[in-house]
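Welcome! Here is a short briefing to read alongside the sequence and the 3D view. Take your time and look up each residue as you go.

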Amino acid sequence: MIKAKGYAALSKDTPVQAFTFERRSPGPSDVVIEIQYCGVCHSDLHQVKDEWGHSIFPMVPGHEIVGKVVDIGSHVKRFKKGDSAGVGCMVDSCGHCQSCESNLEQFCFNGMSGTYNSLEQDKKTPTQGGYSNFIVVTEKFCLNISPKLDLKSTAPLLCAGITTYSPLRHWNVTKGHRVAVVGLGGLGHMAVKFAASFGAHVAVITTSANKKEDALRLGAKDVIISKDPAEMKKHAGSFDFILDTVAADHDLNALLALLKVDGKMVLVGAPDKPAAVSAFALIGGRKTLAGSLIGGIKETQEMLDYCADHNITSDVEMIPMNEINTAYTRMVKGDVKYRFVIDMKTL
Ligand code: NAP
Ligand code: ZN
(Lines give C-alpha, C1' and ligand atoms only; values in the text may rest on other atoms or scores of the structure.)
(Ligands and ions follow the chains in the order given, each with its own letter.)
Protein backbone atom coordinates (compact mmCIF):
# COMPACT_ATOMS: atom_id res chain seq x y z
CA MET A 1 0.00 0.00 0.00
CA ILE A 2 1.12 3.58 -0.57
CA LYS A 3 0.17 6.66 1.43
CA ALA A 4 -1.99 9.22 -0.36
CA LYS A 5 -3.15 12.70 0.60
CA GLY A 6 -6.53 14.09 -0.22
CA TYR A 7 -9.68 15.84 0.89
CA ALA A 8 -12.57 13.77 2.18
CA ALA A 9 -16.05 13.96 3.59
CA LEU A 10 -16.03 12.11 6.90
CA SER A 11 -19.82 12.18 7.19
CA LYS A 12 -22.72 13.89 5.43
CA ASP A 13 -22.74 16.63 8.04
CA THR A 14 -19.09 17.66 8.04
CA PRO A 15 -17.24 19.84 5.54
CA VAL A 16 -14.85 18.18 3.14
CA GLN A 17 -11.41 18.30 4.82
CA ALA A 18 -7.76 17.19 4.64
CA PHE A 19 -7.39 13.42 4.88
CA THR A 20 -4.67 10.80 4.50
CA PHE A 21 -5.38 7.29 3.27
CA GLU A 22 -3.81 4.38 1.40
CA ARG A 23 -3.93 3.32 -2.20
CA ARG A 24 -2.87 -0.07 -3.51
CA SER A 25 0.68 -0.59 -4.73
CA PRO A 26 0.54 -0.71 -8.53
CA GLY A 27 0.08 -4.17 -10.06
CA PRO A 28 1.24 -5.27 -13.55
CA SER A 29 -1.80 -3.72 -15.29
CA ASP A 30 -1.91 -0.51 -13.24
CA VAL A 31 -1.10 3.07 -14.16
CA VAL A 32 -0.13 5.54 -11.43
CA ILE A 33 -1.24 9.09 -12.18
CA GLU A 34 -0.05 12.17 -10.33
CA ILE A 35 -3.25 14.19 -10.32
CA GLN A 36 -2.83 17.76 -11.59
CA TYR A 37 -6.46 18.84 -11.88
CA CYS A 38 -9.81 17.48 -10.75
CA GLY A 39 -13.20 18.85 -11.80
CA VAL A 40 -16.01 19.35 -9.29
CA CYS A 41 -19.20 17.59 -10.41
CA HIS A 42 -22.60 18.14 -8.83
CA SER A 43 -22.57 14.36 -8.24
CA ASP A 44 -19.71 14.97 -5.76
CA LEU A 45 -22.02 17.20 -3.78
CA HIS A 46 -25.02 14.81 -3.98
CA GLN A 47 -22.81 12.05 -2.62
CA VAL A 48 -20.91 13.89 0.14
CA LYS A 49 -24.33 15.05 1.38
CA ASP A 50 -25.62 11.48 1.02
CA GLU A 51 -28.56 12.74 -1.07
CA TRP A 52 -28.74 9.53 -3.10
CA GLY A 53 -28.39 7.27 -0.02
CA HIS A 54 -25.77 4.53 0.52
CA SER A 55 -22.80 6.92 0.75
CA ILE A 56 -19.62 5.30 2.03
CA PHE A 57 -17.56 7.47 4.44
CA PRO A 58 -14.82 8.59 4.62
CA MET A 59 -15.25 9.62 0.96
CA VAL A 60 -12.62 11.27 -1.23
CA PRO A 61 -14.78 12.62 -4.09
CA GLY A 62 -13.73 13.53 -7.62
CA HIS A 63 -14.21 11.76 -10.95
CA GLU A 64 -12.93 14.31 -13.44
CA ILE A 65 -9.25 13.47 -13.06
CA VAL A 66 -6.34 14.46 -15.25
CA GLY A 67 -2.63 14.29 -14.59
CA LYS A 68 0.70 12.83 -15.50
CA VAL A 69 1.64 9.17 -15.58
CA VAL A 70 4.42 8.63 -13.02
CA ASP A 71 4.59 4.83 -12.97
CA ILE A 72 3.31 1.88 -15.00
CA GLY A 73 3.03 -1.86 -14.41
CA SER A 74 4.92 -4.31 -16.63
CA HIS A 75 1.83 -5.20 -18.75
CA VAL A 76 0.82 -1.61 -19.50
CA LYS A 77 0.96 -0.81 -23.24
CA ARG A 78 -0.97 2.40 -23.93
CA PHE A 79 0.88 4.66 -21.47
CA LYS A 80 4.43 5.59 -20.61
CA LYS A 81 5.83 7.77 -17.85
CA GLY A 82 5.26 11.46 -18.54
CA ASP A 83 2.10 10.98 -20.65
CA SER A 84 -1.05 12.91 -19.80
CA ALA A 85 -3.85 10.61 -18.69
CA GLY A 86 -7.41 10.89 -17.44
CA VAL A 87 -9.79 8.93 -15.23
CA GLY A 88 -13.54 9.46 -15.26
CA CYS A 89 -16.41 8.01 -13.24
CA MET A 90 -15.37 4.34 -13.32
CA VAL A 91 -12.18 2.52 -12.36
CA ASP A 92 -13.17 -1.09 -13.11
CA SER A 93 -15.94 -3.51 -14.10
CA CYS A 94 -16.32 -7.29 -14.41
CA GLY A 95 -15.09 -7.24 -18.02
CA HIS A 96 -17.11 -10.28 -19.18
CA CYS A 97 -20.83 -9.54 -18.96
CA GLN A 98 -22.88 -8.53 -21.98
CA SER A 99 -22.60 -4.82 -21.12
CA CYS A 100 -18.83 -4.94 -20.63
CA GLU A 101 -18.46 -6.89 -23.88
CA SER A 102 -20.51 -4.18 -25.63
CA ASN A 103 -18.24 -1.38 -24.33
CA LEU A 104 -20.96 -0.26 -21.91
CA GLU A 105 -19.04 -0.82 -18.68
CA GLN A 106 -21.24 1.76 -16.95
CA PHE A 107 -24.04 -0.83 -17.14
CA CYS A 108 -21.92 -3.79 -15.98
CA PHE A 109 -24.36 -6.51 -14.81
CA ASN A 110 -22.04 -7.31 -11.92
CA GLY A 111 -21.66 -3.68 -10.89
CA MET A 112 -18.97 -1.34 -12.16
CA SER A 113 -16.54 0.14 -9.66
CA GLY A 114 -17.20 3.86 -9.43
CA THR A 115 -14.15 6.05 -9.00
CA TYR A 116 -15.25 6.87 -5.44
CA ASN A 117 -18.12 6.04 -3.09
CA SER A 118 -18.00 2.53 -4.51
CA LEU A 119 -16.17 -0.77 -4.13
CA GLU A 120 -13.37 -2.32 -6.14
CA GLN A 121 -14.24 -5.53 -8.00
CA ASP A 122 -13.27 -7.48 -4.85
CA LYS A 123 -16.57 -6.00 -3.58
CA LYS A 124 -14.97 -4.97 -0.30
CA THR A 125 -12.29 -2.29 -0.84
CA PRO A 126 -13.78 1.21 -1.00
CA THR A 127 -12.62 3.33 -3.95
CA GLN A 128 -11.36 6.88 -3.42
CA GLY A 129 -11.50 9.66 -5.99
CA GLY A 130 -9.60 12.52 -7.47
CA TYR A 131 -9.46 15.16 -4.73
CA SER A 132 -6.04 13.71 -3.99
CA ASN A 133 -2.41 13.73 -5.04
CA PHE A 134 -2.36 10.51 -7.07
CA ILE A 135 -4.47 7.55 -8.15
CA VAL A 136 -3.73 3.94 -9.14
CA VAL A 137 -6.02 2.66 -11.91
CA THR A 138 -6.05 -0.36 -14.17
CA GLU A 139 -4.92 0.63 -17.69
CA LYS A 140 -8.24 -0.26 -19.32
CA PHE A 141 -9.98 2.53 -17.37
CA CYS A 142 -7.32 5.18 -18.09
CA LEU A 143 -7.90 7.57 -20.96
CA ASN A 144 -5.29 8.99 -23.31
CA ILE A 145 -5.26 12.77 -23.50
CA SER A 146 -3.97 14.46 -26.63
CA PRO A 147 -1.19 17.03 -26.09
CA LYS A 148 -3.43 19.37 -28.13
CA LEU A 149 -5.82 19.65 -25.18
CA ASP A 150 -5.33 22.16 -22.35
CA LEU A 151 -5.21 19.90 -19.31
CA LYS A 152 -7.17 21.90 -16.74
CA SER A 153 -10.12 22.56 -19.03
CA THR A 154 -10.02 18.92 -20.16
CA ALA A 155 -10.67 17.53 -16.66
CA PRO A 156 -14.46 18.17 -16.83
CA LEU A 157 -14.69 16.21 -20.09
CA LEU A 158 -14.16 13.03 -18.06
CA CYS A 159 -17.67 13.30 -16.61
CA ALA A 160 -19.58 16.39 -17.82
CA GLY A 161 -18.17 15.81 -21.32
CA ILE A 162 -18.96 12.14 -21.78
CA THR A 163 -22.32 12.36 -19.96
CA THR A 164 -23.59 14.84 -22.55
CA TYR A 165 -21.69 13.54 -25.61
CA SER A 166 -23.00 9.98 -25.18
CA PRO A 167 -26.77 10.63 -25.32
CA LEU A 168 -26.37 13.19 -28.12
CA ARG A 169 -24.54 10.50 -30.13
CA HIS A 170 -26.81 7.63 -29.07
CA TRP A 171 -29.94 9.49 -30.21
CA ASN A 172 -28.14 10.72 -33.35
CA VAL A 173 -28.46 14.44 -32.76
CA THR A 174 -27.29 16.12 -35.92
CA LYS A 175 -27.76 18.94 -38.41
CA GLY A 176 -31.35 19.98 -38.82
CA HIS A 177 -32.40 18.91 -35.30
CA ARG A 178 -33.82 21.39 -32.85
CA VAL A 179 -32.27 20.60 -29.47
CA ALA A 180 -32.88 22.13 -26.05
CA VAL A 181 -30.45 21.83 -23.16
CA VAL A 182 -32.04 22.32 -19.75
CA GLY A 183 -29.78 23.82 -17.05
CA LEU A 184 -26.61 25.71 -17.96
CA GLY A 185 -24.17 24.23 -15.46
CA GLY A 186 -21.22 21.89 -15.85
CA LEU A 187 -23.07 19.29 -17.91
CA GLY A 188 -25.32 21.79 -19.65
CA HIS A 189 -22.56 23.98 -21.04
CA MET A 190 -20.81 20.93 -22.49
CA ALA A 191 -24.09 19.73 -24.01
CA VAL A 192 -24.49 23.09 -25.75
CA LYS A 193 -20.95 22.90 -27.17
CA PHE A 194 -21.41 19.33 -28.42
CA ALA A 195 -24.90 19.75 -29.86
CA ALA A 196 -23.84 22.91 -31.69
CA SER A 197 -20.70 21.16 -32.94
CA PHE A 198 -22.85 18.28 -34.28
CA GLY A 199 -24.78 20.86 -36.32
CA ALA A 200 -28.01 21.05 -34.31
CA HIS A 201 -29.98 24.25 -33.68
CA VAL A 202 -29.54 24.62 -29.91
CA ALA A 203 -31.66 26.37 -27.30
CA VAL A 204 -30.85 26.71 -23.62
CA ILE A 205 -33.64 26.47 -21.07
CA THR A 206 -32.44 28.14 -17.90
CA THR A 207 -33.65 29.57 -14.61
CA SER A 208 -30.84 32.16 -14.74
CA ALA A 209 -31.51 35.16 -16.97
CA ASN A 210 -27.91 36.30 -16.35
CA LYS A 211 -26.56 33.28 -18.28
CA LYS A 212 -28.13 34.42 -21.56
CA GLU A 213 -25.00 35.99 -23.10
CA ASP A 214 -22.92 32.97 -22.15
CA ALA A 215 -25.47 30.57 -23.64
CA LEU A 216 -25.23 32.39 -26.97
CA ARG A 217 -21.43 32.50 -26.82
CA LEU A 218 -21.33 28.75 -26.11
CA GLY A 219 -23.29 28.04 -29.29
CA ALA A 220 -26.99 28.37 -28.47
CA LYS A 221 -29.28 30.25 -30.86
CA ASP A 222 -32.17 30.70 -28.39
CA VAL A 223 -32.41 31.15 -24.64
CA ILE A 224 -35.65 30.34 -22.84
CA ILE A 225 -36.20 31.42 -19.25
CA SER A 226 -38.07 28.48 -17.73
CA LYS A 227 -39.70 30.60 -15.01
CA ASP A 228 -41.49 32.68 -17.67
CA PRO A 229 -44.65 30.78 -18.76
CA ALA A 230 -45.10 33.00 -21.84
CA GLU A 231 -41.60 32.14 -23.13
CA MET A 232 -42.16 28.45 -22.48
CA LYS A 233 -45.50 28.56 -24.30
CA LYS A 234 -43.93 30.24 -27.32
CA HIS A 235 -41.66 27.19 -27.79
CA ALA A 236 -44.33 24.51 -27.24
CA GLY A 237 -44.04 21.54 -29.63
CA SER A 238 -40.80 22.81 -31.18
CA PHE A 239 -37.93 20.48 -30.17
CA ASP A 240 -36.80 17.11 -31.53
CA PHE A 241 -34.63 16.42 -28.52
CA ILE A 242 -34.27 17.78 -24.98
CA LEU A 243 -31.33 16.99 -22.71
CA ASP A 244 -32.22 17.67 -19.09
CA THR A 245 -29.16 18.28 -16.88
CA VAL A 246 -30.94 19.79 -13.88
CA ALA A 247 -29.64 18.72 -10.47
CA ALA A 248 -32.76 19.60 -8.41
CA ASP A 249 -36.50 19.00 -8.32
CA HIS A 250 -38.26 20.61 -11.32
CA ASP A 251 -41.30 20.20 -13.55
CA LEU A 252 -40.73 17.60 -16.28
CA ASN A 253 -44.25 17.98 -17.73
CA ALA A 254 -43.57 21.60 -18.64
CA LEU A 255 -40.46 20.46 -20.54
CA LEU A 256 -42.20 17.54 -22.29
CA ALA A 257 -44.70 20.07 -23.66
CA LEU A 258 -41.85 21.61 -25.65
CA LEU A 259 -41.23 18.42 -27.68
CA LYS A 260 -42.52 17.86 -31.20
CA VAL A 261 -44.55 14.73 -31.98
CA ASP A 262 -42.14 11.76 -31.55
CA GLY A 263 -39.71 14.03 -29.71
CA LYS A 264 -37.37 12.60 -27.08
CA MET A 265 -36.36 13.94 -23.70
CA VAL A 266 -33.35 12.40 -21.99
CA LEU A 267 -32.56 12.88 -18.32
CA VAL A 268 -28.94 13.02 -17.24
CA GLY A 269 -29.49 15.20 -14.18
CA ALA A 270 -30.05 13.11 -11.07
CA PRO A 271 -32.11 14.99 -8.45
CA ASP A 272 -32.54 13.10 -5.19
CA LYS A 273 -36.35 13.14 -5.33
CA PRO A 274 -38.44 11.29 -7.94
CA ALA A 275 -40.30 13.49 -10.43
CA ALA A 276 -44.00 13.30 -11.24
CA VAL A 277 -44.65 12.66 -14.93
CA SER A 278 -48.15 12.86 -16.30
CA ALA A 279 -49.02 10.13 -18.81
CA PHE A 280 -50.76 12.85 -20.83
CA ALA A 281 -47.47 14.71 -21.21
CA LEU A 282 -46.21 11.68 -23.20
CA ILE A 283 -49.17 10.08 -24.95
CA GLY A 284 -50.34 13.32 -26.56
CA GLY A 285 -47.37 13.35 -28.96
CA ARG A 286 -46.01 9.79 -28.79
CA LYS A 287 -43.09 11.25 -26.85
CA THR A 288 -40.18 9.36 -25.32
CA LEU A 289 -38.70 10.02 -21.89
CA ALA A 290 -35.34 8.29 -21.34
CA GLY A 291 -32.17 8.48 -19.28
CA SER A 292 -28.45 8.11 -19.81
CA LEU A 293 -25.48 7.38 -17.54
CA ILE A 294 -21.98 8.67 -18.40
CA GLY A 295 -20.57 6.56 -21.29
CA GLY A 296 -18.35 3.53 -21.79
CA ILE A 297 -14.55 3.75 -21.86
CA LYS A 298 -14.33 3.36 -25.66
CA GLU A 299 -16.81 6.18 -26.18
CA THR A 300 -15.05 8.35 -23.57
CA GLN A 301 -11.82 8.00 -25.56
CA GLU A 302 -13.72 8.80 -28.77
CA MET A 303 -15.16 11.92 -27.09
CA LEU A 304 -11.72 13.08 -25.89
CA ASP A 305 -10.31 12.59 -29.39
CA TYR A 306 -13.27 14.44 -30.89
CA CYS A 307 -12.58 17.33 -28.48
CA ALA A 308 -8.90 17.41 -29.45
CA ASP A 309 -9.84 17.49 -33.14
CA HIS A 310 -12.57 20.11 -32.74
CA ASN A 311 -10.93 22.27 -30.09
CA ILE A 312 -13.64 21.68 -27.47
CA THR A 313 -12.95 21.95 -23.74
CA SER A 314 -14.81 23.11 -20.65
CA ASP A 315 -15.10 26.70 -19.39
CA VAL A 316 -13.47 26.43 -15.99
CA GLU A 317 -13.01 28.41 -12.81
CA MET A 318 -9.91 27.26 -10.99
CA ILE A 319 -10.03 26.86 -7.21
CA PRO A 320 -7.52 25.83 -4.57
CA MET A 321 -8.33 22.63 -2.67
CA ASN A 322 -9.27 24.44 0.53
CA GLU A 323 -12.08 26.36 -1.22
CA ILE A 324 -14.03 23.23 -2.08
CA ASN A 325 -16.78 23.81 0.50
CA THR A 326 -17.39 27.35 -0.79
CA ALA A 327 -17.48 25.96 -4.31
CA TYR A 328 -20.22 23.51 -3.26
CA THR A 329 -22.27 26.34 -1.75
CA ARG A 330 -21.97 28.32 -4.98
CA MET A 331 -22.85 25.25 -7.02
CA VAL A 332 -26.15 24.83 -5.19
CA LYS A 333 -27.00 28.42 -6.15
CA GLY A 334 -26.21 27.76 -9.83
CA ASP A 335 -23.29 30.18 -9.51
CA VAL A 336 -20.67 28.30 -11.54
CA LYS A 337 -19.22 29.37 -14.89
CA TYR A 338 -19.19 26.61 -15.81
CA ARG A 339 -17.10 24.08 -13.93
CA PHE A 340 -14.94 24.39 -10.83
CA VAL A 341 -11.61 22.66 -11.27
CA ILE A 342 -9.27 22.06 -8.34
CA ASP A 343 -5.60 22.81 -8.90
CA MET A 344 -4.05 19.85 -7.08
CA LYS A 345 -0.78 21.73 -6.51
CA THR A 346 -2.71 23.51 -3.73
CA LEU A 347 -3.42 20.28 -1.83
P1 NAP B 1 -24.43 22.01 -12.01
O2 NAP B 1 -23.15 22.47 -12.60
O3 NAP B 1 -24.78 22.39 -10.63
O4 NAP B 1 -25.59 22.43 -13.03
C5 NAP B 1 -26.95 22.16 -12.81
C6 NAP B 1 -27.78 23.29 -13.38
O7 NAP B 1 -29.14 22.97 -13.20
C8 NAP B 1 -27.61 24.62 -12.67
O9 NAP B 1 -26.51 25.36 -13.08
C10 NAP B 1 -28.92 25.32 -13.02
O11 NAP B 1 -28.82 25.87 -14.33
C12 NAP B 1 -29.90 24.17 -13.10
N13 NAP B 1 -30.72 24.10 -11.89
C14 NAP B 1 -30.29 23.97 -10.61
N15 NAP B 1 -31.32 23.92 -9.76
C16 NAP B 1 -32.43 24.00 -10.52
C17 NAP B 1 -33.83 24.01 -10.23
N18 NAP B 1 -34.29 23.91 -8.99
N19 NAP B 1 -34.68 24.11 -11.27
C20 NAP B 1 -34.24 24.20 -12.52
N21 NAP B 1 -32.92 24.24 -12.85
C22 NAP B 1 -32.05 24.13 -11.86
O23 NAP B 1 -24.49 20.40 -12.01
P24 NAP B 1 -23.80 19.35 -13.01
O25 NAP B 1 -22.49 18.97 -12.46
O26 NAP B 1 -23.94 19.84 -14.39
O27 NAP B 1 -24.73 18.08 -12.79
C28 NAP B 1 -26.11 18.14 -13.10
C29 NAP B 1 -26.81 16.89 -12.66
O30 NAP B 1 -26.37 15.78 -13.44
C31 NAP B 1 -26.54 16.48 -11.21
O32 NAP B 1 -27.74 15.98 -10.65
C33 NAP B 1 -25.52 15.39 -11.35
O34 NAP B 1 -25.52 14.50 -10.26
C35 NAP B 1 -26.01 14.72 -12.59
N36 NAP B 1 -25.01 13.92 -13.29
C37 NAP B 1 -25.45 12.82 -13.95
C38 NAP B 1 -24.58 12.05 -14.68
C39 NAP B 1 -25.08 10.91 -15.48
O40 NAP B 1 -24.28 10.06 -15.86
N41 NAP B 1 -26.35 10.83 -15.77
C42 NAP B 1 -23.23 12.39 -14.71
C43 NAP B 1 -22.82 13.52 -14.05
C44 NAP B 1 -23.70 14.29 -13.34
P45 NAP B 1 -29.55 27.25 -14.73
O46 NAP B 1 -28.91 28.29 -13.85
O47 NAP B 1 -29.20 27.39 -16.16
O48 NAP B 1 -31.01 27.06 -14.49
ZN1 ZN C 1 -19.79 13.70 -12.53
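Let's begin with a pair of helices: the axes of α4 (residues 160-170) and α10 (residues 297-310) come within 10 Å and cross at roughly 100 degrees. Angles from 65 to 115 degrees count as roughly perpendicular, so α4 is roughly perpendicular to α10. Please keep in mind that this is a predicted model.

**Where the two helices touch**

- On the α4 side, the contact is made by G161, I162, Y165, S166 and R169.
- On the α10 side, the partners are E299, T300, E302, M303 and Y306.
- What kinds of residues make up the contact of α4 with α10? They divide into 4 nonpolar, 3 polar and 3 charged.

**The surroundings of ligand 1**

- How many residues surround ligand 1? There are 30 of them, and the closest are T206, T207, S208, K211 and R339.
- The side chain of S43 has an N or O atom 2.8 Å from an oxygen atom of ligand 1.
- L184 takes part through its backbone: one of its polar backbone atoms is 2.7 Å from an oxygen atom of the ligand.
- For S292, a backbone N or O atom lies 2.9 Å from a nitrogen atom of ligand 1.
- On its own, ligand 1 has 920 Å² of accessible area, and the protein covers 89% of it.
- Which elements give two or more residues to the shell around ligand 1? They are α1 (42-48) and α5 (186-197).
- The largest share of that shell comes from α1, which gives 3 residues.

- As background, most peptide bonds are trans, and most residues other than glycine have a negative phi.
- The peptide bond from F57 to P58 is cis, with omega near -5 degrees. You can find P58 in the loop between α1 and β4 (65-72).
- Another cis peptide bond runs from K337 to Y338, where omega is near -10 degrees. Look for Y338 in the loop between α11 (324-332) and β17 (339-343).
- Is the phi of N117 positive or negative? N117 is not a glycine, yet its phi is positive, at about 55 degrees.
- To locate N117, go to the loop between β7 (113-114) and β8 (134-138).

Note on methods. Residues are numbered from 1 along each chain as its sequence is written. Chains are lettered from A and ligands numbered from 1 in the order in which they are written. This is a predicted model: local features need pLDDT of at least 70, side-chain atom pairs count only at pLDDT 80 or more; totals for chains, interfaces and linings use all residues. Side-chain values use heavy atoms; hydrogens and water are left out. Axes are lines fitted to C-alpha atoms, for helices over the stretch in contact, and angles run from 0 to 180 degrees between N-to-C directions. Helices (H or I, at least four residues) and strands (E, at least two) are DSSP runs, numbered from the N terminus. Angles under 35 degrees count as roughly parallel, over 145 as roughly antiparallel, 65 to 115 as roughly perpendicular and the rest as oblique. Contact means heavy atoms within 4.5 Å. Ala, Val, Leu, Ile, Met, Phe, Trp, Tyr, Cys and Pro count as nonpolar, Asp, Glu, Lys and Arg as charged, and the others, Gly among them, as polar. A residue is near a molecule or strand if one of its heavy atoms lies within 4 Å of it. A polar contact is a pair of N or O atoms within 3.5 Å; within protein, one must be able to donate a hydrogen and the other to accept it, and residues adjacent in sequence count only if both atoms are side-chain atoms. Accessible areas come from the Shrake-Rupley method with a 1.4 Å probe; for residues, only the protein chains shown count as cover.
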